[in-house]
Structures are given as structure tokens and as C-alpha cells.
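Here is a friendly walk through one model, written for someone who likes cut-offs stated plainly. Please keep the viewer open while you read.

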Amino acid sequence: DDQIERERASQHLAGGCCALAAIYLMGKFYVANAGDSRAIIIRNGEIIPMSREFTPETERQRLQFLALLRPELLGKEFTHLEFPRRIQPKELGKKMLYRDQNMNGWAYKKIEEDDLKFPLIFREGKKARMMATIGVTRGLGDHDLKVFSSNIHIKPFLSCFPEVRVYDLTQYEHCPDDVLVLGTDGLWDVTNDKEVAAVVMEVLTSYEPNDPCRYTMVAQELVVRSRGVLKERGWRLANDKLGSGDDISVFVIPLGGPGSYT
């Protein structure tokens, strides 16, 4: 992250990115995630999450706590409190559900002038945005990113530190159908864990266990199915829902060698 900051002027690159890394060391997989990519292990049909997405929703309390400690980062335009919807001026003095950095549930508060400011975290799910700008709260770069038409910097709220999860391969017997799947959000936006596992098993069973191409073909099939087919109304999935409009990168890594197939 520091290197990107140093080189952004000379390289003329001002953007940012997410990062998902898997490292194998001495019988263990270390999976590090900073962003909204995802990794899962599929072992004997069981799904084992190896990461979690970092979004304004999943990191709400961290973001709100930082905003509480450093209110100057909000530029007098945002409030660190969260409300079920945008507050209207006519609701001043009325009671409304809210939550702050210490709350998981909701409580009522009397609406004050400061509550009319735009919320630090707005909307829900994939539409959730921090400062109405970005939907990812960890990653690399974005040092110059600002709120639209303002001088408020987003970077102080973005973390480049990943969450690391460890999987010990020596604790289990693995066959060639057991895999680690790494995918960007373009895959997970339209395909859930169970659907990915179903595609993995479907494709793997159509190839011989010793065929090294089988894992590449799984990754390719996951990309193709998530993108969909181009029709008159855009890219569509098999169920006619919209296909992924984001970039899709997928790795499928075997956990067991051909000799361990039973």
C-alpha cells in the first residue's frame, strides 16, 4: 500500500484494488483477504469459508468508531450514526431508530440537526456505500479518492491490513475432488457458495482424476456461468437473471493429489 502511494505520481496510477492471497507453507494454507473477494474450501462436499468480505456493512462498527474519534474526517457533511433510511428535515424532534459504533441492534433517539447529515454508511447489501462513494473498505491504493464534488478523503477509512485464516491440510485426508476456490466479487455477486460447490462437483466428475485440465475447466465454467449469455436485455444467467457486470477471476486449486483418490 505504501509502495502504491509512493509510485502513484511516477506511474500515473491513482486507482485501488482488492487482494486475496493463498500461500502454502509446511502443510498449511494461509489465506489473506483485504477486500470483497472470497475463498472457500470444498472438502467431501462440505463448504468451509476461508475469508469474509470487507464492506461498509461488515465493517460498520470499525468505520463508525473511527468517525467518532476523528469527526474532522467527515467534513461536516456526514454523520457516523446509522438510520434505517435518510432523515428528512420535517422529522426533526421525532424519534427514529438508529445505531452507533457500540450497537448491534437498534434503539430510538430524538432526531437532531446533526442527524440530517448524510450517513457515513448508506444503503444495504451490494448497494451499501461508504460516504456514498465506495463499497469496499479494505484493499490497496485509492490514496487520492475523494467524495464526489468535495475535498473529503476516503483513504483514512480504508484499511490495507488483511484478515488471515489458516487451514491445516495434515488434519484431513484429501482426494482430487477437494479444492480451494478463490474468486473475485464478480463471481460471488451472482453465484453463492452452494452453487459454486455444485459446479465444482459437476465438472470434476466429468474428467478423470489424473487429468490436470479438470481444475482449469472448473474455473472456466464458473466464469462462463457467472457472466451469462448475451441477449437483447444484456448478459443473462441460466435463470434469466442479470449476469455479473464486474470482472471475474477464479482459481481452483486441488488439495489432494491423484494418488490419494479413493
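The report below goes from the overall fold to the cores, the charged pairs, the cysteines and a few individual residues.

**Ground rules**

This is a predicted model, in which local features need pLDDT of at least 70 and side-chain atom pairs count only at pLDDT 80 or more, while totals for chains, interfaces and linings use all residues. Residues are numbered from 1 along each chain as its sequence is written, and side-chain values use heavy atoms, with hydrogens and water left out.

**Overall picture**

The chain has 5 helices and 17 strands; these are DSSP runs numbered from the N terminus, with helices (H or I) of at least four residues and strands (E) of at least two. Along the principal axes, the C-alpha atoms fill a box of roughly 70 × 45 × 40 Å. Of the 262 residues in the chain, 42% are buried. Here buried means under 20% relative accessible area, exposed means over 50%, and partly exposed lies in between (1.4 Å probe, protein chains only).

The accessible surface comes to about 14,900 Å², and 54% of that belongs to carbon and sulfur atoms. Such areas come from the Shrake-Rupley method with a 1.4 Å probe, and for residues only the protein chains shown count as cover. Among contacts (heavy atoms within 4.5 Å) between residues at least 6 apart in sequence, 60% join residues at least 24 apart.

**Nonpolar cores and a surface patch**

A nonpolar core is a set of buried Ala, Val, Leu, Ile, Met, Phe, Trp, Tyr and Cys residues joined through side-chain atoms within 4.5 Å. The largest one has 19 residues, and Val179, Val181, Val196, Val200, Leu222, Val250 and Val252 have the most contacts inside it. Elements giving two or more residues to this core include strand S4 (38-43), strand S14 (179-183), helix H4 (193-204) and helix H5 (214-227). H4 supplies the largest share, 6 residues. Beyond its neighbours within four places in sequence, valine 200 is in contact with Ile42, Val179, Val181 and Val218. A second, separate core of 17 residues includes Leu74, Leu120, Ile152 and Leu158.

Methionine 26 sits in the loop between strand S2 (19-25) and strand S3 (28-34), and at 84% relative accessibility methionine 26 counts as exposed.

**Salt bridges**

Side chains of opposite charge can pair when their charged atoms come close. With a salt bridge taken as a side-chain nitrogen of Lys or Arg within 4 Å of a carboxyl oxygen of Asp or Glu, the count comes to 18.

| Glutamate 82 | Arginine 60 | 3.5 Å |

Glutamate 82 lies in the loop between strand S6 (78-79) and strand S7 (95-98), and arginine 60 lies in helix H2 (residues 60-69), so the pair ties together parts that are 22 residues apart in sequence. Glutamate 82 and arginine 60 are both buried, and so are aspartate 115 and lysine 109. In the remaining pair of the table, glutamate 91 is buried at 10% relative accessibility, whereas arginine 85 is partly exposed at 42%. Arg38, Glu53 and Asp193 are linked in a network of salt bridges.

**Cysteines**

How many disulfides does a search of the whole structure find? The search finds 0, with a disulfide defined as a pair of cysteine sulfur atoms within 2.5 Å. For cysteine 17, the closest cysteine sulfur is in cysteine 18, 7.0 Å away, which is too far for a bond. Cysteine 160 is in no disulfide either, as the nearest cysteine sulfur, that of cysteine 17, is 11 Å away.

**Backbone details**

Asparagine 44 has a phi near 55 degrees, a positive value in a residue other than glycine. Asparagine 44 lies in the loop between S4 and strand S5 (46-49) and is exposed at 74% relative accessibility. Arginine 123, also not a glycine, has a positive phi of about 75 degrees. The loop holding arginine 123 runs between strand S10 (121-122) and strand S11 (129-130).
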